[in-house]
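Subject: Structure handover

Hello,

Here is the structure for your files. My notes on what was found follow below it.

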Amino acid sequence: MRNWIRFPAAQGTHSKQAHADFPPEGVYEREIGRSGFFGPATHLHHKHPPTSWIAWEGELRPRAFDLNQLGGTATANPFQAPIILKNAHCQYRLWRCCEPMLSLARNADGDDLLFIHDGGGELFCDYGHLVVGKGDYVLLPRSTMWRLVPDSPMTILMIEATNEAYQLPEKGIVGAQAIFDPAVLQTPQINAAFIAQQDEEKWQVIIKRHNKLSVVTYPFNPLDAIGWHGEVCVVKLNWRDIRPLMSHRYHLPPSAHTTFVAPRFVICTFVPRPIESDPGALKVPFYHNNDDYDEVLFYHEGDFFSRDNIERGMVTFHPAGFTHGPHPKALKAGMTHQKAFTDEVAVMLDTRDALEVTDAGSSVEDPGYVYSWCNRDEENNE
Ligand SMILES: [Fe+2]
């Protein structure tokens, strides 16, 4: 346990409750938070939105990438899919899989988490056969042998927990069955489809280790299990099985939506949910600097209620070091409670260590994103 210097202190005009019952209208709350949303925090009340900059120089900035523009780069091998962001603890790729994989894949560098953005098909792996489709997370334990047979072109977000394993988050006072019951996780089956694909043909396994590929050839299909028992297994979770925590009186932090954790990052899922209804409650994500984490959001479906001009298949990247928060139009819509429900589905990656944008990421960057909060007219209207 870390022994933070923490005691409640206050100055000037302020509310007692974070994210609710602000001082007079036209005041903008900013959260300064440590250790993601788990550590000590302070809430400041500002006269201007902290995102209302008018110029920005230097490398650090909010960034957005339109991964739809990478759509043409289908690869037979997932390890050749372009990496968008990376650090020593994770790799964040977008993979287009349009044809049945002719080789097996095996990632010896760490667990892989797939999120299926588009398309669907069949997964064959060490543990059997699993039908996978849009909106599924598929967690592949390190060194699982697997292949996909798409029945429609698949677009997959692929996040490697380098040298590590994914686990479930601590659910604390709401208990293990909240958000999703572990019983909704689906696992592959040794079924007729799996047995039918077992053959005596030559098969190759592409193994990734230390980011280098090796190829092992067998004179038979090594997905030849006739049964298994145990605790290590591929698991599937669809976002539709997530029942999000929410409060009608308090805007919960992103950490309430944590789905998977690795030692140096977390994966959160934002799924459709009611927007706060209490008159005093904040109704859009609060301005904050999450000073210990880089934040990455992939937009899967729906209307992204805190963002203007963001489409499905896009990624926003807000590195630590500055304050971010809702776009002006979204803020205005939230303040006037124009929506009672959000239908957004988004996957968030929050990393404890700085992420590096790759050339593939930079190639589809929207250079104007840093100025997308510059909507003075919207602010003046409030
Ligand atoms: Fe954030």
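The structure holds four cavities of 30 Å³ or more. A cavity here is a set of points, on a 1 Å grid over the protein atoms alone, where a 1.4 Å probe fits but cannot get out. Grid points are joined across faces, edges and corners, and a volume is the space filled by probe spheres set on the points. This is a predicted model, in which local features need pLDDT of at least 70 and side-chain atom pairs count only at pLDDT 80 or more, while totals for chains, interfaces and linings use all residues. Residues are numbered from 1 along each chain as its sequence is written, and side-chain values use heavy atoms, with hydrogens and water left out.

The largest cavity contains about 420 Å³ of space. Its lining (residues with an atom within 4 Å of a point) consists of 31 residues, and His 251, Pro 254, Phe 270, Pro 285 and Ser 306 are the ones nearest the centre. By class, 15 of the lining residues are nonpolar, ten polar and six charged. Ala, Val, Leu, Ile, Met, Phe, Trp, Tyr, Cys and Pro count as nonpolar, Asp, Glu, Lys and Arg as charged, and the others, Gly among them, as polar.

At least two lining residues of the largest cavity come from each of β16 (273–274), β18 (294–301) and β19 (314–318); strands are DSSP runs of E, at least two residues long, numbered from the N terminus. β18 gives the most, with four residues.

β18 and β19 also belong to an open sheet of six strands, in the order β3-β19-β18-β21-β15-β14, with antiparallel pairing. Two strands pair if DSSP finds at least two bridges between them. β3 (63–66) and β14 (258–262) are at the edges with a single partner strand each, so one side of each has no neighbour in the sheet. On average, neighbouring strands of this sheet are turned by 15 degrees against each other, direction ignored; the axes are lines fitted to C-alpha atoms, and angles run from 0 to 180 degrees between N-to-C directions. β18 and β19 run antiparallel and are joined by four bridges, and Val 296 has Phe 317 in β19 as its bridge partner.

A second open sheet has three strands, in the order β2-β1-β17, and its pairing is mixed. Antiparallel strands β1 (residues 28–33) and β2 are joined by six bridges, with Arg 30 opposite Leu 44 in β2.

The domain assignment (automatic or from a database) gives domain 1 (28–65 + 240–381) and domain 2 (73–239). Their C-alpha centres lie 29 Å apart. In domain 1, 40 residues are in contact (heavy atoms within 4.5 Å) with 36 residues of domain 2.

Regards

Methods. On a 1 Å grid over the protein atoms alone, a cavity is a set of points where a 1.4 Å probe fits but cannot get out, and a pocket is an open set with protein on both sides within 12 Å along at least five of seven lines; lining residues have an atom within 4 Å of a point.
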